[in-house]
Amino acid sequence: MFCRGIGLERKMLPFVPGFEIIGTIQTLGELARSKGNFKEGQRVAGLSLSGGGNSRFISIPEDRLFHISDTVKSTSAVCLIHDYMAALKALRLAKKSGSPFTGMKILITDGFSPVGQAIICLASMEGANIYCCADVSNHSYLTSLGAKCFNKAPESWLPSASGTFDVVIDNSCLDAYSSSWFALNKKGTLVCLSPVYNFDRTYEGGCGIVDFADLQKKWAGMKAKYIMPQTHFFDTLNDFDSDREQYIQDMRYLTFLLEKGDLKPKIAEKVSLEDVPDAQRLMYSGKANGTIVCVPWIEN
């Protein structure tokens, strides 16, 4: 929606996408240099609030950066930030007293998405029984990851699954989280992830200003935050700002799992700057199996 200049939080066009960045510091401003947290030539990761990551150079505030291990591939690091961090935080919110998910039933409403696959990976490490929703064409692949599959449409699975899940992680918001909430058992927990991008719909204008679907998602988020019981609402875009030290510690943990070989980030495609428009269209089609990473220095 940012790329199309629509939505309640639309950006001015032209807009350069890319919020998660990995790179090397070329030069520091006076304030950043005086703080002494970084130096030129250091490898860092960053989270931009205004996009701009699909480029060879970006100017970004010092407090949006953190150190990244030299041993981690840049493409893998992007997946840790974009996918596995959201998965880790969602599962943490669902936990009760820090106990593992062994034997618990977990439902992911979009299992084929990069975040969905990351949740499957982390939950499997704790022995959870994992279910997910996805297009039928993706069921065999997700089954190979250890998940049991439902069709995407809630009306196809909810009648038989109502009240049966210990945890539901809703990363699709198809019906304002209603079906996910009804899928919970009496002691279950619903975790709603935001932002949600529904790839398989067309834009519908609202009063010529905003998108009706964007308004609906805002309402769904308010409902999840303040009205629905047994529910946690997690905004991935603001996670870094809410607790920077915890975020960095979580990144260390995910890096540790990656270097052990427990995590295998799924890269759908590595693209050049010239291929970003096509990559965006592929991403919005919902057909990319994994994360699409822009590598600005590669050539066609």
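This is a predicted model: local features need pLDDT of at least 70, side-chain atom pairs count only at pLDDT 80 or more; totals for chains, interfaces and linings use all residues.

## Helix H2 against helix H3

Two packed helices are described by the angle between their axes and the distance between the axes. Helix H2 spans residues 74-94 and helix H3 spans residues 114-124. Their axes come within 8 Å of each other and cross at roughly 55 degrees. H2 is therefore oblique to H3, and the crossing of this pair is right-handed.

On the H2 side, the contact is made by His82, Asp83, Tyr84, Ala86, Ala87, Leu88 and Leu91. H3 contributes Pro114, Val115, Ala118, Ile119, Cys121, Leu122 and Ala123. Sorted by class, the residues in this contact are 12 nonpolar, 1 polar and 1 charged.

## Helix H2 against helix H9

H2 also packs against helix H9, residues 244-260, at an angle of about 110 degrees and with the axes 10 Å apart. That angle makes H2 roughly perpendicular to H9. The crossing of H2 and H9 is right-handed.

From H2, the residues in contact are Ser76, Ala77, Leu80, Ile81, Tyr84, Met85, Leu88, Lys89 and Arg92. From H9 they are Gln246, Tyr247, Asp250, Met251, Tyr253, Leu254, Thr255 and Leu258. The contact of H2 with H9 has 11 nonpolar, 3 polar and 3 charged residues.

## The cavity

Rolling a probe the size of a water molecule over the atoms shows where empty space is left. How many cavities of 30 Å³ or more does a search of the whole structure find? The search finds 1, and the largest cavity holds about 50 Å³ of space.

The lining of the largest cavity consists of Thr109, Cys133, Lys152, Pro154, Trp157, Asp170, Ser172, Leu174, Asp175, Ser179 and Ser180. Helix H5 (154-161) and helix H6 (178-182) are the elements that give two or more residues to this lining. By class, the lining residues are 4 nonpolar, 4 polar and 3 charged.

## Positive phi angles in a loop

Most residues other than glycine have a negative phi, and most peptide bonds are trans. Alanine 176 has a positive phi, near 60 degrees. Tyrosine 177 also has a positive phi, near 70 degrees.

Where is alanine 176 found? Alanine 176 sits in the loop between strand E7 (165-170) and H6. Tyrosine 177 is likewise in the loop between E7 and H6. H6 is also one of the helices named above for the cavity lining.

Key. Residues are numbered from 1 along each chain as its sequence is written. Side-chain values use heavy atoms; hydrogens and water are left out. Axes are lines fitted to C-alpha atoms, for helices over the stretch in contact, and angles run from 0 to 180 degrees between N-to-C directions. Helices (H or I, at least four residues) and strands (E, at least two) are DSSP runs, numbered from the N terminus. Angles under 35 degrees count as roughly parallel, over 145 as roughly antiparallel, 65 to 115 as roughly perpendicular and the rest as oblique. A crossing is left-handed if the near helix is turned anticlockwise from the far one by less than a right angle, and right-handed if clockwise. Contact means heavy atoms within 4.5 Å. Ala, Val, Leu, Ile, Met, Phe, Trp, Tyr, Cys and Pro count as nonpolar, Asp, Glu, Lys and Arg as charged, and the others, Gly among them, as polar. On a 1 Å grid over the protein atoms alone, a cavity is a set of points where a 1.4 Å probe fits but cannot get out, and a pocket is an open set with protein on both sides within 12 Å along at least five of seven lines; lining residues have an atom within 4 Å of a point. Grid points are joined across faces, edges and corners, and a volume is the space filled by probe spheres set on the points.
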